[in-house]
Amino acid sequence: MTVDPNAATQDFPSPEPARGRRQQAVGYLVPALVAGAVALALGAYGKVHEPAGTAFNLAGFSSTGAVKSWLATGAMGFAVVQFVSALMVYGKLPGPSWAGVLHRWSGRVAFLAAVPVAVHCLYALGYQTYEPRVLWHSLLGCFFFGAFSAKMLLLRSERLPGWLLPIVGGLVFAALTVVWLTSALWFFRTFGVTT
Amino acid sequence: MKRSGPLFTLLGGLLLALVMLSLNATTGTSPTASGGGETPATKVSPSPEPEPTKTTASPSPSPSAPGNADYAGRTDDDSSAVAVSLRDGKAIAYFCDGRDQESWLKGDVKADGSMRLTSKQGGVLNGELKGGRISGTVDMGQQEYGFTADKALKPSGLYRATESVRGAEIDGGWIVLPDGQQVGIVKRDGTPSAAPRIDPETGAVTVDGQQLTARPVQP
């Protein structure tokens with residue numbers, strides 16, 4: 001059975017309803033389970049691993065906080081590109097023909113920029129709850145990587161309802177926004193915009 | 001036919017995370033790893049012999065372990081401050097004279113509220129939790145101090161900040177006492193000196209012109 005990958009996420013009537021429904025259920029279930037597992041695993045690691053307090057720093061930056069804030073801000077910038085290019089892909093905004101490529105690659109860059117930040121957070125600081133800002137950051141930080149995993153895996157599933165990807169993508173974007181607001185923006189407001 | 005791009009993206013992120021984790025684990029910049037080599041820099045306290053019984057194999061904390069709370073107070077001679085943080089039967093304590101002598105001590109709390117905490121440099125804290133306060137002694141090798149630490153509510157308690165600032169490893173420890181007074185030491189590559197005040201609400205502190213964040217310490 002060959003299916004045009006570009007049409008894979010479109011909602012179209014299945015020729016074999018029973019089999020299609022089962023495939024569809026698996027298509028939801030696996031990403032949902034993986035998302036839960038990723039978020040829980042990150043949270044559990046952050047809670048169990050004794051925070052090291054520090055980790056290696058990048059050259060050219062004064063502190064690890066500054067490195068993380070700038071990486072996170074970079075990821076946030078690409079996330080905005082994600083939002084706009086997604087609107088183009090779905091035809092809600094006029095966009096170039098390469099909007100899809102832009103969406104894929106800006107997403108990859110944003111994700112890869114966010115990973116080192118998360119590693120530092122979990123390794124050096126851990127899952128903390130001592131004030132609301134920190135609690136929300138810890139919680140949504142774990143949620144973000146879970147939701148992102150789900151979004152990536154959903155892209156591989158066929159015959160999803162058309163609204164599903166935008167909803168999950170929106171969740172990922174919203175989570176990243178709060179994570180950024182509670183960390184990098186807080187850092188810049190508290191310590192000034194330093195490098 | 002399924003797209004493999006998203007899968008590669010996820011695997012790439014996982015790979016990057018693993019590489020960074022292994023770098024962190026191998027470079028060993030964590031304070032616990034570098035703490036042992038810092039004793040020679042402390043002038044006043046001659047590095048005591050590390051105790052053979054470094055790992056206190058006390059019985060595992062029972063379910064009725066004392067509740068989670070922070071305690072802070074002064075030594076009997078008023079020269080130094082002691083703070084203890086209890087979480088789930090484990091304790092971490094910080095002894096600090098605000099000038100050049102400090103020690104982080106760790107250990108378990110028994111069900112009866114008694115604790116024996118040890119530092120990597122051989123310091124020992126023996127304490128007992130009774131009636132909302134911990135009293136006992138801290139043996140810093142050269143001298144033994146009696147202390148009493150009352151229950152401390154945020155923002156009082158113990159804080160730590162570790163960052164690398166322009167190539168130097170900064171390691172700061174603070175005790176915020178219930179009356180708002182602070183006792184702290186900042187070590188620059190292992191050399192101790194009096195610490196600037198932290199903002200107890202945010203943990204913000206300026207060290208050598210660099211803004212750092214001191215975070216509450218828990219075992």
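A: Let's begin with chain B as a whole and then zoom in. Taking the contacts in chain B between residues at least 6 apart in sequence, 51% join residues at least 24 apart. Chain B has two helices and 15 strands, and 39% of its 219 residues count as buried.

Keep in mind that this is a predicted model. Chain B has an average pLDDT of 78, and 81% of its residues score at least 70. Some caution is needed for residues 29–63 of chain B, where the pLDDT is below 50, although this stretch has 54 contacts in the model beyond near neighbours in sequence. The scores for the model are ipTM 0.77 and pTM 0.54.

Now for the close look, which is at a pair of helices in chain A. To describe two packed helices, we give the angle between their axes and the distance between the axes. Here the pair is helix α2 (residues 64–89) and helix α5 (residues 164–191) of chain A, whose axes come within 9 Å and cross at roughly 150°. Angles over 145 degrees count as roughly antiparallel, so α2(A) is roughly antiparallel to α5(A). The crossing of α2(A) past α5(A) is left-handed.

Which residues in α2(A) and α5(A) meet? On the α2(A) side they include A:Gly65, A:Ser69, A:Ala72, A:Met76, A:Gln82 and A:Phe83. On the α5(A) side, A:Gly169, A:Phe173, A:Leu176, A:Trp180 and A:Phe188 are among them. Sorted by class, the contact between the two helices has twelve nonpolar residues, six polar ones and no charged ones.

Let's stay with one of these residues, A:Gln82, which lies in helix α2 of chain A. Is A:Gln82 buried or exposed? The cut-off for buried is 20 or more other C-beta atoms within 10 Å; A:Gln82 has 23, so A:Gln82 is buried. Leaving aside neighbours within four places in sequence, A:Gln82 is in contact with A:Phe173, and also with A:His103, A:Ser106, A:Gly107 and A:Ala110. A:Gly107 is 25 residues from A:Gln82 along the chain, yet their C-alpha atoms are separated by 6.2 Å.

For contrast, look back at chain B and find B:Asp189, in the loop between β11 (182–188) and β12 (191–194). B:Asp189 has 13 other C-beta atoms within 10 Å and is partly exposed. Not counting residues up to four places away in sequence, B:Asp189 touches B:Ala168 and B:Glu169.

Key
Residues numbered from 1 in each chain as written. Chains lettered and ligands numbered in written order. Predicted model: local features only at pLDDT ≥ 70, side-chain atom pairs only at ≥ 80, totals over all residues. pLDDT = per-residue confidence, 0-100. Contact = placed C-beta atoms within 7 Å. Helix = DSSP H or I, 4+ residues; strand = E, 2+ residues; numbered from the N terminus. Buried ≥ 20, exposed ≤ 12 C-beta atoms within 10 Å, placed from the backbone. Axes fitted to C-alpha atoms, helices over the stretch in contact; angles between N-to-C directions. Parallel < 35°, antiparallel > 145°, perpendicular 65-115°, else oblique. Left-handed = near helix turned anticlockwise from the far one by under 90°. Nonpolar A, V, L, I, M, F, W, Y, C, P; charged D, E, K, R; others polar.
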